[in-house]
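The cut-offs are given where each term comes up.

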Amino acid sequence: MVAFIVPILATSEEEEDRDALKPLHDPLRLATYTPISPASVIVFREGEYAVAVDGKTKEVIARSTDHAEVIQKAIDSAPNKGIVALMNEFKRRKTIYIMKPVTIVGGKIVVEPETDDGIYRVFHVENTSDVRIVGVELDGNQSNIPTWTGNRLDYHTIEVRSCERVVIRGCYIHDVYAGAGIAVRLSNIVSVVNNFLQNMGTV
């Protein structure tokens, strides 16, 4: 079992000022509001491969150069209200769907210029409740995305649709080509807190 335990250190006012300049997804910032819990599934890199393992048994759930597929299998295999921990940087070639109560924490996902599904969304959350996306860096790879196709909805980095009790917190979303960093539709009780969005939507 792997637990994410980050020490919370007392700081002087000067240190607190310096801390305020850190990205909101920095682990020391997350420590103030991220529960310390065991990860149900852990996703990490082995060279070009992404690997998902069970947080308790260490059994391999998925291993592939298609990182989004591995993250998708990690989410699908996690128990309801389980935690999927992303440990490294991953490449996204297709949308990752969250259709169950689960927490995604940590890691960085970079949108690849070539996409398998014709859109550039990272997370699509739909018809579920009690989802949390915490401390994830999402890089829209703006300078390398192909020319605008005319459907802005395809470029939302995170889309929440027909959900209840969703939390998106402490994420760093940047260099998104078009659309919204976070889009919420037909949903109830969605908390979008302490996220840092930079260089968004030039189209």
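A residue is called buried under 20% relative accessible area, exposed over 50%, and partly exposed in between, with a 1.4 Å probe and protein chains only. The model is predicted: local features need pLDDT of at least 70 and side-chain atom pairs count only at pLDDT 80 or more, while totals for chains, interfaces and linings use all residues. Residues are numbered from 1 along each chain as its sequence is written, and side-chain values use heavy atoms, with hydrogens and water left out.

Of the 203 residues of the chain, 45% count as buried. The chain has three helices and 17 strands; these are DSSP runs numbered from the N terminus, helices being H or I of at least four residues and strands E of at least two. Contact here means heavy atoms within 4.5 Å. Among contacts between residues at least 6 apart in sequence, 62% join residues at least 24 apart.

**Cores**

A nonpolar core is a set of buried Ala, Val, Leu, Ile, Met, Phe, Trp, Tyr and Cys residues joined through side-chain atoms within 4.5 Å. The largest has 41 residues, and Val 43, Val 84, Ile 98, Ile 104, Phe 123, Ile 133 and Ile 158 have the most contacts inside it. Helix α3 (residues 67–77) gives the most to this core, with five residues. A second, separate core has eight residues, including Ile 42, Val 53, Ala 85 and Val 105.

Leaving aside neighbours within four places in sequence, the contacts of Ile 133 include Ile 98, Ile 104, Phe 123, Ile 158 and Cys 171. Val 122 is in the loop between β8 (108–111) and β9 (123–126). Val 122 counts as buried because its relative accessibility is 1%. With the neighbours within four places in sequence again left aside, Val 122 is in contact with residues including Ile 96, Ile 109, Leu 138 and His 156.

**Asn 195 and Phe 196**

Asn 195 sits in the loop between β16 (188–193) and β17. With a relative accessible area of 17%, Asn 195 is buried. Its side chain makes polar contacts (N or O atoms within 3.5 Å; within protein, one able to donate a hydrogen and the other to accept it, and residues adjacent in sequence counting only if both atoms are side-chain atoms).

| Backbone nitrogen | Distance to a polar side-chain atom of Asn 195 |
|---|---|
| Gly 170 | 3.3 Å |
| Cys 171 | 2.8 Å |

Phe 196 lies in strand β17 (residues 196–200) and is partly exposed at 36%. Which residue does Phe 196 form an aromatic pair with? The partner is Tyr 172, and the pair is stacked, at 5.4 Å centre to centre and 20 degrees between the planes. Rings of Phe, Tyr and Trp (its six-membered ring) pair if their centres lie within 6.5 Å; planes under 30 degrees apart count as stacked, over 60 as edge-to-face and the rest as tilted. A search of the whole structure finds one such pair. Tyr 172 is in strand β14 (residues 172–176), 24 residues from Phe 196, and is buried at 14%.

**The β2–β3 hairpin**

Strands β2 (residues 49–54) and β3 (residues 60–64) pair in the antiparallel sense over four bridges; pairing requires that DSSP finds at least two bridges. Five residues separate the two strands of this hairpin, and Lys 58 in the turn has a positive phi of about 65 degrees. Val 51 stands opposite Arg 63 in β3. Arg 63 also lies over the face of Tyr 49, at 3.9 Å from the ring centre; a charge sits over a ring if NZ of Lys or CZ of Arg is within 6 Å of the ring centre and within 35 degrees of the ring normal.
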